[in-house]
Amino acid sequence: MPRLDALLAEGTSTVEIKSGYGLSIAAEIEMLRAARQLAQIRPVRITTTWLAAHALPPEYAGRKADYIAEIAIAGLEQAHAEGLVDAVDAFCEGIAFSAEEIEPLFARVRALGLPVKLHTEQITRSGEAALAARHQALSVDHFEYATEEDVAAIRASGTVAVMLPGAYYMLHETQKPPIAALRAAGVPIALATDCNPGTSPISSLLLTMNMGAVLFGMTVPECLAGVTGNAARALNLHRETGSLAHGMAADFAIWDAEAPAQLVGRAGLNPLYQRVFNGEVTHG
């Protein structure tokens, strides 16, 4: 609740919440139940993502395939039956899971009619963007070590590249994502806080935009699109929110600012005047 309230106070209308830290069926499902409850007690749109394929608990050491089958897939089926899952994510890296290990999970996801996402190319160049493209993933997260080949693959699949500068900053990373290649290819670029206790304990979307500009060289329009229209596309919500148009939800923020650049260039200042969610003023 404190993290959500901080985001809402900056004008955010929609928040994606992922599981991934329980690593048991009961704990993963409990996270998504709690996430769903937030939308009942705050004026916000919550989407939930099943990320059980995030790390390997000690009791499954050396048995990744068993973990995928017994926890990630079996738990997904239970969570989906409860109506708790909007999308399914997985972490594809040397320290996590390979594409071959994730494939059975994604096959089951598609059979259930759910969209997929992928954490990949964060720590090393794994080439697993091809997995995301093959399954027409909504998004790929991090993407620092992606090559032009990876960019071409996700461009063809319509996948959004989600930049997470908070994790880059907190981990003292030096490999920057290929913004120029993504820009040249016309791949939609989103920005997100990646708010999590391990690598990006950041609950400010304004600060995230500032980091996107300062650390990654994104332009002001790219930063603003990254937290609105492109962010909505990464959540498969672009037909509902993320832009001001006829038939869309009336979600918007009014700022005490003279120019859009002030929303990106300032750090530590929140110039929100009013937040409007579904046509109703909730802040200001």
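A residue counts as buried when its relative accessible area is under 20%. In this predicted model, Tyr67 and Phe97 are both buried.

**Aromatic rings**

- The count of aromatic pairs comes to three.
- One of them joins Tyr60 and Tyr67 in an edge-to-face arrangement, with 5.4 Å centre to centre and 75° between the planes.
- Tyr60 has a relative accessible area of 9%, which is under 20%, so Tyr60 is buried.
- Tyr67 is at 0% relative accessibility and therefore also counts as buried.
- Tyr67 and Phe97 form a stacked pair, 6.1 Å centre to centre with 15° between the planes.
- This pair links distant parts of the chain: Tyr67 lies in helix H3 (residues 64–81) and Phe97 in the loop between strand E3 (87–92) and helix H4 (99–111), 30 residues apart.
- Tyr60, Tyr67 and Phe97 make up one aromatic cluster.
- Over the ring of Phe97 sits the charged end of Lys64, 5.8 Å from the ring centre.

**Helix H2**

- Helix H2 (residues 25–41) has 17 residues and should span 24 Å at 1.5 Å a residue; its end C-alpha atoms are 25 Å apart, which agrees.
- Its buried residues are Ile25, Glu28, Ile29, Leu32, Ala35 and Leu38.
- These residues cover an arc of only 165° around the axis, so they lie on the same side of H2.
- That buried side packs against helix H1 (2–8), strand E1 (14–18), strand E2 (45–53) and H3.
- Exposed residues Ala26, Gln37 and Gln40 are carried on the face of H2 turned away from its buried side.

Technical notes: Residues numbered from 1 in each chain as written. Predicted model: local features only at pLDDT ≥ 70, side-chain atom pairs only at ≥ 80, totals over all residues. Heavy atoms only, no water. Phe/Tyr/Trp six-rings, centres within 6.5 Å; stacked < 30°, edge-to-face > 60°. Buried < 20%, exposed > 50% of the residue type's maximum accessible area, 1.4 Å probe, protein only. Helix = DSSP H or I, 4+ residues; strand = E, 2+ residues; numbered from the N terminus. Lys NZ or Arg CZ within 6 Å of the ring centre and 35° of its normal. Expected span 1.5 Å × (residues − 1). Arc of directions from axis to C-beta. Contact = heavy atoms within 4.5 Å.
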